[in-house]
Every structure is written in structure tokens, then in C-alpha cells.
Amino acid sequence: MIKVILLIILCFGLAACEEETLEVRETKRGYTIEEIATLPGSTSYFIWSSNRDDILYYRYYDQDVHFYYEINLENKQVVAIEEDVIYDMSEETCDQCKYGYISSERSILKDGEEQIGFHVTYYSQQNGEKKILYEKDMYYNDTDGRTSTSIGYDLTGEHLYLLDDEENKAVLYEREDDDWKEIKSFPYEQNGYTLYSCYMIYGELQVEYRNDENIWLILQDEEYILDIDESYRVFEDYILVEHLNEQKSQETTYLIDRNTQKIYDLNRIIDMDGIFLMSYEEAIFIYPDTKDSKTYCIASIRDLKMTIYDTPFELNFRPGGIEEKRALFLVANEDQNTVTVYLLTLEE
């Protein structure tokens with residue numbers, strides 16, 4: 001049975017909303033910081049990319065100046081590399097997985113203009129042999145709000161999804177045997193709402209409809225109605241929501257427990273636009289504390305308790321190369337046009 005949760009801010013404070021306060025613990029401990037290297041460049045124009053565990057590529061570009069480096073997080077070695085190496089940046093698969101993909105960064109012509117994008121190739125594998133199932137050029141700045149044909153990759157490697165635009169709807173297919181099987185479709189217009197986005201994220205389908213007043217968020221068998229001025233971030237067990245009041249002058253942040261649908265108020269503001277996700281399953285993320293410390297913080301939500309790790313990295317620094325419980329930070333020396341790379345690792 002589909003669960004429908006109406007989260008109307010005007011009802012806050014009423015007992016029916018079951019609003020509670022989330023326990024927040026703040027600490028300056030619980031992580032280590034290592035200096036990795038000092039490289040040419042700045043925090044203004046750079047790209048991180050990765051192709052396997054413990055290897056990250058750093059690319060700095062500014063007009064005619066380009067630098068390419070491979071950073072080994074295991075042995076802390078940094079070496080200069082050729083440009084072509086960084087373009088073949090990612091292959092996600094395992095020996096036991098049924099499906100995998102390769103993502104290669106490249107310059108792509110779109111509407112007559114050269115843009116940085118990437119070419120994705122999804123494949124099946126059996127007895128060590130790979131069979132290409134789907135290929136597509138994609139772009140970093142595709143923000144039209146429509147599905148534009150995309151692939152969803154189940155992290156277990158057991159499932160592969162194709163989300164495609166059709167005339168009046170977005171259709172989700174799953175690879176089955178040697179063909180694509182339609183498993184769900186979403187009309188572009190429904191119940192006074194217009195389809196805004198539709199993605200397969202960490203193996204979970206996230207569909208968003210919008211009208212002038214509300215956001216209709218569909219997550220698997222859950223449905224949530226949010227205010228149109230709210231920003232949100234979905235995790236495996238929680239939804240974090242940033243809200244503006246009717247005058248758009250006062251921000252609040254609250255948490256929805258997806259298991260119980262209870263709402264928990266936070267006694268601090270989380271800037272949704274500035275979030276860098278570290279772990280979807282464990283709800284760990286980096287966010288800029290723009291109200292008090294003017295530094296990046298790391299938040300972890302577990303068992304309806306939030307731990308906030310205050311870091312020394314100021315907001316003019318840049319996080320990148322983020323995964324699970326590790327993140328790199330760039331600290332710029334503008335006078336020397338260099339950046340120092342630091343590795344932060346959560347201990348818990």
C-alpha cells in the first residue's frame with residue numbers, strides 16, 4: 001500500500017505532525033587530516049575524477065594552462081600524467097557482477113559548442129566476456145529537468161535500468177535476459193503536477209513532480225508533498241529538508257524518518273545547495289556552515305542522532321574526491337598559484 005505523507009509546514013507545532021527535536025552532538029574530533037601534496041593551480045577551475053579505489057585524478061585548467069595529476073591515497077604519491085589518461089577515468093564492475101559500466105571524460109560538441117562531458121558504456125558480462133548494452137554521450141550541465149535518457153546502475157551489479165523519454169511519459173526499463181523490460185512509466189502531466197525529474201540513484205527510483213505550490217516526491221512506494229520553496233536531500237533512511245517561511249526570510253531544517261514518517265526539527269540550518277554527499281546508506285555529508293563558523297562541517301545521521309564534525313577548512317577551500325568516510329580538501333595559495341591537498345578521514 002502506498003504511503004502518502006503530507007508535510008505542510010503550516011501544521012508544524014500541532015500534535016498530529018509528531019514533530020520532535022533531533023539530538024545533535026558537535027565535536028572537533030573524530031577524524032584525521034593528512035597533507036598529501038602541493039600542486040600548481042587554484043580552487044577555481046578543477047575537476048576530480050576516479051577510476052578505482054585509492055586513485056584520484058586532479059585536473060586544473062585555466063585558459064591555456066592545464067595540469068594533470070594522479071593522486072594515490074594509499075601511498076600518498078602524486079605523479080604528473082598525460083591528458084588522455086584522465087579521460088578513461090572510471091570503470092565500475094566486479095568479477096561476480098552481472099553488469100558494469102565505463103565512464104570516459106571527453107570534450108563533446110553540443111549545439112555547435114564544445115563542452116566537457118563524458119561517454120558512458122554499460123555492459124553485461126558472462127564468463128569474463130563483456131557485451132555492450134548501451135552507450136551515450138552525457139553532459140555536466142544537463143539541467144533541463146527532464147529525464148533525457150539515463151541509466152541507473154544497481155550497486156550490487158545485479159540490476160541495470162534504462163530511463164527513457166517517450167512522447168508523453170518517462171519510461172523505466174530493466175534489463176532482463178537479452179532485452180529491456182518496461183517496469184514503470186510516469187506521465188509528464190499528472191494530478192495537476194508536471195514531471196520535473198526522474199532518476200535512479202543508488203538503486204532507488206526518485207521521481208519529482210512540481211506545480212506552483214508544491215513538490216510531489218515519489219520514492220519507491222513512498223510519496224511526500226513538500227513546499228515548492230523547500231530543498232531536500234534523500235538518504236537511505238532519511239530525508240533532510242531545508243524550509244523557508246512564507247516571507248522567505250527565515251530558514252529552518254528538519255528531518256523525515258522514512259521508516260516511521262516522523263518529523264524531527266534541527267536546531268541549525270543545513271545549506272542543501274552546498275551539500276557534498278559522502279555516504280547515501282549512512283547519511284554522511286559535507287556542508288558549508290555559513291551561519292556561524294564559516295567553515296565546512298561533516299554531518300552524520302545515525303539512529304536519529306546527528307553528529308557534526310567541525311573542520312578547519314574554510315569556505316573558500318574546495319572539497320572533492322569524496323567517498324564514504326574520506327574527502328579531499330584543496331587549500332589555495334593565490335600568491336603562488338598553488339593548492340595544497342589534504343585528506344580527511346572519519347574515524348568512526
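**Exercise 1. Determine how strand 28 is paired with strand 29, and how many bridges join them.**

*Solution.* Begin with the terms. Helices (H or I, at least four residues) and strands (E, at least two) are DSSP runs, numbered from the N terminus. Two strands pair if DSSP finds at least two bridges between them. Strand 28 and strand 29 (residues 305-314) are joined by seven bridges and run antiparallel. Within this pair, T295 lies opposite E314 of strand 29. Next, examine the connection: the two strands form a hairpin with two residues between them, and D303 in the turn shows a positive phi of about 55°.

The model is predicted, with local features requiring pLDDT of at least 70 and side-chain atom pairs counted only at pLDDT 80 or more, while totals for chains, interfaces and linings use all residues. Residues are numbered from 1 along each chain as its sequence is written, and side-chain values use heavy atoms, without hydrogens and water.

**Exercise 2. Identify the residue of strand 28 that is the bridge partner of I286, and describe the hairpin concerned.**

*Solution.* Strand 27 (residues 284-289) is antiparallel to strand 28, with six bridges between them. The partner of I286 in strand 28 is I298. Five residues lie between the strands of this hairpin, where K294 adopts a positive phi near 60°.

**Exercise 3. Explain why strand 28 is described as largely enclosed by the rest of the structure.**

*Solution.* A residue is buried under 20% relative accessible area, exposed over 50%, and partly exposed in between (1.4 Å probe, protein chains only). Strand 28 covers residues 295-302, and seven of its eight residues are buried, so the strand is largely enclosed.

**Exercise 4. Describe the largest nonpolar core and the elements that contribute to it.**

*Solution.* A nonpolar core is a set of buried Ala, Val, Leu, Ile, Met, Phe, Trp, Tyr and Cys residues joined through side-chain atoms within 4.5 Å. The largest such core has 18 residues, of which L240, L255, I270, F285 and Y287 touch the most other members. Two or more residues each come from strand 23 (238-244), strand 27, strand 28 and strand 29. Strand 28 gives the most, namely three residues. A second, separate core has 16 residues, including F186, C198, V207 and I218.

**Exercise 5. Characterise the surroundings of T253.**

*Solution.* First, locate T253: it belongs to strand 24 (residues 251-257). Second, T253 counts as buried because its relative accessible area is 1%. Third, consider contacts (heavy atoms within 4.5 Å). Apart from residues up to four places away in sequence, T253 touches several residues, among them L240, L266 and I270. Finally, the side chain of T253 reaches the backbone nitrogen of I270 at 3.0 Å.

**Exercise 6. State which values describe the confidence of the model, and where caution applies.**

*Solution.* The pLDDT is the predictor's confidence in each residue, from 0 to 100. The mean pLDDT of the protein chain is 77, and 74% of its residues reach 70 or more. Over residues 1-17 the pLDDT is below 50, although this stretch has 31 contacts in the model beyond near neighbours in sequence. Residues 141-148 also have pLDDT below 50, with 16 such contacts. Where pLDDT is low, the predicted coordinates should not be read in detail.

Key. Polar contact = N/O pair within 3.5 Å; in protein donor to acceptor, adjacent residues only side chain to side chain.
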